[in-house]
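Hi,

Here is the model I promised to pass on. Have a look at it first, and my notes follow below.

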Amino acid sequence: MNEGGDFEPIADINRLIHEPARLMILAHLYVVESADFLFLSRQTGLTAGNLSSHLGKLEEAGYIEIKKEFLDKKPHTMLNLTEEGRIAFRHYVRSMKQVLNGLVEE
Amino acid sequence: MEKSISEDNLREMEQKAYRESMQDGLTEIFLGILLIGMGTLFAVKISAAFAVLFMLFAPRILEKLKRKYTYPRMGYMKLHSDPPGKTARGIFSYMLLVVIVMATVVFIVFGDFSADMLYRLTPTFMGAMLAGALTYLVGKSGDHRYYGIAVFGLVAGIVLSIYRFESMWTGLVVYFFLMGSCFTGLGVVRFSYFLQKYPIQEEVTDE
């Protein structure tokens with residue numbers, strides 16, 4: 001890691017995804033085709049407000065798609081990863097592996 | 001919460017999601033009803049229309065029940081599904097393998113392969129098919145308890161094939177009723193436990 005070029009993978013890490021809560025959200029959405037708000041809230045352990053805030057940021061980045069609907073007169077939010085989000089997540093995982101492998105080799 | 005994301009982590013997450021979706025026991029109940037229905041079909045020689053109607057309506061009824069009882073408690077998620085062609089090819093290949101293995105074993109042991117013997121071996125065939133389906137479920141869910149049911153189903157099939165019933169169909173009928181009752185009972189227990197453990201979470205909202 002002493003040479004300047006070796007820092008490239010670290011600089012390449014997507015900061016939006018690197019935040020633990022958002023990483024959890026994306027990972028859970030990556031393994032399913034779609035999920036609703038309650039499922040994601042249970043899986044990540046995030047509060048409704050916290051989850052909502054992170055979902056907003058991910059939607060803004062174009063990584064997830066949020067569909068709001070009504071089921072039996074109750075609001076229901078469906079979520080899924082966009083193709084852009086899927087690619088970004090894969091890229092993030094690859095970058096992290098490179099960084100960690102680099103650290104271990106050093 | 002912070003942990004590295006590897007292929008294994010993602011696989012475990014997918015398996016956990018699948019396990020959670022199966023926690024309600026409704027799938028076991030429906031499988032049990034299907035098996036008991038098949039047993040009844042063979043026992044009283046009713047029309048196969050029951051099986052066709054059940055196959056047609058069961059997924060819709062199951063989805064309605066899940067909407068009423070499961071999703072308000074666990075949330076909804078849809079897993080990535082395998083391409084239908086791949087699933088069909090997998091089932092067909094496995095079925096062919098079971099037939100070849102059974103035919104080889106029967107020929108080696110008895111040196112004969114009559115139609116009567118073929119009928120009597122249907123519980124073993126059903127047990128092997130059920131074991132294959134349950135092994136697939138272990139892979140999807142990571143829940144190794146399905147292996148236990150798979151072994152029980154296979155052993156029950158072999159025992160009912162060996163036992164000399166008067167009618168060649170009796171073994172199969174008993175097998176359907178036995179496994180159907182087991183699955184229905186297991187499903188009812190899991191469903192009751194599920195309703196008690198997970199209350200409806202109406203308060204959770206994203207607004």
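At roughly what angle do the axes of helix H7 and helix H8 of chain B cross? The axes of H7 (residues 145–162) and H8 (residues 170–197) cross at roughly 160° and come within 9 Å; axes are lines fitted to C-alpha atoms over the stretch in contact, with angles from 0 to 180 degrees between N-to-C directions. H7(B) and H8(B) are therefore roughly antiparallel (over 145 degrees). On the H7(B) side the contact (heavy atoms within 4.5 Å) includes B:Tyr146, B:Phe152 and B:Gly153, and on the H8(B) side it includes B:Val174, B:Leu178 and B:Arg190. The contact residues split into 12 nonpolar, three polar and one charged, where Ala, Val, Leu, Ile, Met, Phe, Trp, Tyr, Cys and Pro count as nonpolar, Asp, Glu, Lys and Arg as charged, and the others, Gly among them, as polar.

Some bookkeeping: this is a predicted model, where local features need pLDDT of at least 70, side-chain atom pairs count only at pLDDT 80 or more, and totals for chains, interfaces and linings use all residues. Residues are numbered from 1 along each chain as written, chains are lettered from A and ligands numbered from 1 in written order, and side-chain values use heavy atoms, leaving out hydrogens and water.

As for the interface, 30 residues of chain B and 32 residues of chain A are in contact. Two salt bridges are counted between the chains (a side-chain nitrogen of Lys or Arg within 4 Å of a carboxyl oxygen of Asp or Glu). A:Arg42 and B:Glu20 pair up in a salt bridge at 3.0 Å, N to O.

Cheers

Notes: Helices (H or I, at least four residues) and strands (E, at least two) are DSSP runs, numbered from the N terminus. Angles under 35 degrees count as roughly parallel, over 145 as roughly antiparallel, 65 to 115 as roughly perpendicular and the rest as oblique.
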